[in-house]
Amino acid sequence: MKIILLYGGRSEEHDVSVLSAYSVLNAIYYKYYQVQLVFISKDGQWVKGPLLSERPQNKEVLHLTWAQTPEETGEFSGKRISPSEIYEEEAIVFPVLHGPNGEDGTIQGFMETINMPYVGSGVLASANAMDKIMTKYLLQTVGIPQVPFVPVLRSDWKGNPKEVFEKCEGSLIYPVFVKPANMGSSVGISKAENREELQEALEEAFRYDARAIVEQGIEAREIEVAILGNEDVRTTLPGEVVKDVAFYDYDAKYINNTIEMQIPAHVPEEVAHQAQEYAKKAYIMLDGSGLSRCDFFLTSKNELFLNELNTMPGFTDFSMYPLLWENMGLKYSDLIEELIQLALNRFKQRQEFYNN
């Protein structure tokens, strides 16, 4: 069977996607699969690369280049294609894409349109989980605790910033955290200790999205639970991101690799159980399938607040999601295999629905 590994993308998380894709490439069972590389450049070009029958020697195979015109000369390892040209029978798409135009339902909707099985959540879960504002509103309805927040539209900010300040400062106390509504990997996130910093943080967030969210800052640990399954949902014991700063940014996560993880997290048994229950409840509420990672804040009083649910978590060698499952006895390669089977099962079920 052929796996079409779709990676790169137009979002600010492009480089994270390439790192994740390389780790996935090294974990696939090539005894059973071939892997077709399909790269999406930062400017949105789709590039079909080599077909791999064994693990690559280095990650350079992922950095595809291509000729712009037939007259150009020089070496290139890929061919520009239209998105619809990825369609193949007896193939499955593994979209290792992070951020907008990757895990926000757009790629998922495209796969549904061309009728191909793909790894990960569907359109509804991907779109809602990607948008931090929608996630919070939906999870409020089922009683999952979250920190206080204020949604801010860029149009409101441009039209009446004073009103935005008053709304934020009337509902929250400093420090606060400001985030783009649709972005991950800590891109565009800032901490604000006063009104001046809040203004700068909102301007930064609006570089990436027309909607932002301002959240109450709290003193808390960060613990994460991995989720796997379609209708039969399983969760891991939580792991902890051990920080020595107020929050860890993109560089700390993916460039400098300075994040320390404690797996499993040193938390009371009842806290671990509650985190697993909240994660499962959120996953089902958002109609998750395949996989997700659920992130929480844990206070010194052992209060849990759900932060976000990530439908395509990082898959690098040092990412929390695969390490959490490894701790549960599921090694990386077997995890990839299970995700493939979950995707095929969901695709088969959806075909049955269409045919009824």
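Modeller: Starting with overall size: a compact globule of 356 residues would have a radius of gyration near 21 Å, and this chain comes in at 21 Å, so the two agree. Its C-alpha trace spans about 60 × 50 × 45 Å along the principal axes. Within that there are eleven helices and 15 strands.

Keep in mind that this is a predicted model. The average pLDDT for the chain is 91, with 92% of the residues scoring at least 70. By element, strand S11 (residues 234–235) has the highest mean at 98, while helix H8 (residues 250–255) has the lowest at 51.

Now for your pair, H6 and H7. H6 covers residues 161–171 and H7 covers residues 195–205. Their axes lie 11 Å apart, and the packing angle is about 115°. Since 65 to 115 degrees counts as roughly perpendicular, that's the label H6 and H7 get relative to each other. As for handedness, H6 and H7 make a right-handed crossing.

And what sits between them? On the H6 side, the contact is made by Val-164, Phe-165, Cys-168 and Glu-169. H7 meets them with Arg-195, Leu-198, Gln-199 and Leu-202. Sorted by class, the H6 contact with H7 is made up of five nonpolar residues, two charged and one polar.

Methods:
Residues are numbered from 1 along each chain as its sequence is written. This is a predicted model: local features need pLDDT of at least 70, side-chain atom pairs count only at pLDDT 80 or more; totals for chains, interfaces and linings use all residues. Side-chain values use heavy atoms; hydrogens and water are left out. Axes are lines fitted to C-alpha atoms, for helices over the stretch in contact, and angles run from 0 to 180 degrees between N-to-C directions. Helices (H or I, at least four residues) and strands (E, at least two) are DSSP runs, numbered from the N terminus. Angles under 35 degrees count as roughly parallel, over 145 as roughly antiparallel, 65 to 115 as roughly perpendicular and the rest as oblique. A crossing is left-handed if the near helix is turned anticlockwise from the far one by less than a right angle, and right-handed if clockwise. Contact means heavy atoms within 4.5 Å. Ala, Val, Leu, Ile, Met, Phe, Trp, Tyr, Cys and Pro count as nonpolar, Asp, Glu, Lys and Arg as charged, and the others, Gly among them, as polar. pLDDT is the predictor's confidence in each residue, from 0 to 100. The radius of gyration is taken over C-alpha atoms; the globule rule is 2.2 Å times the number of residues to the power 0.38.
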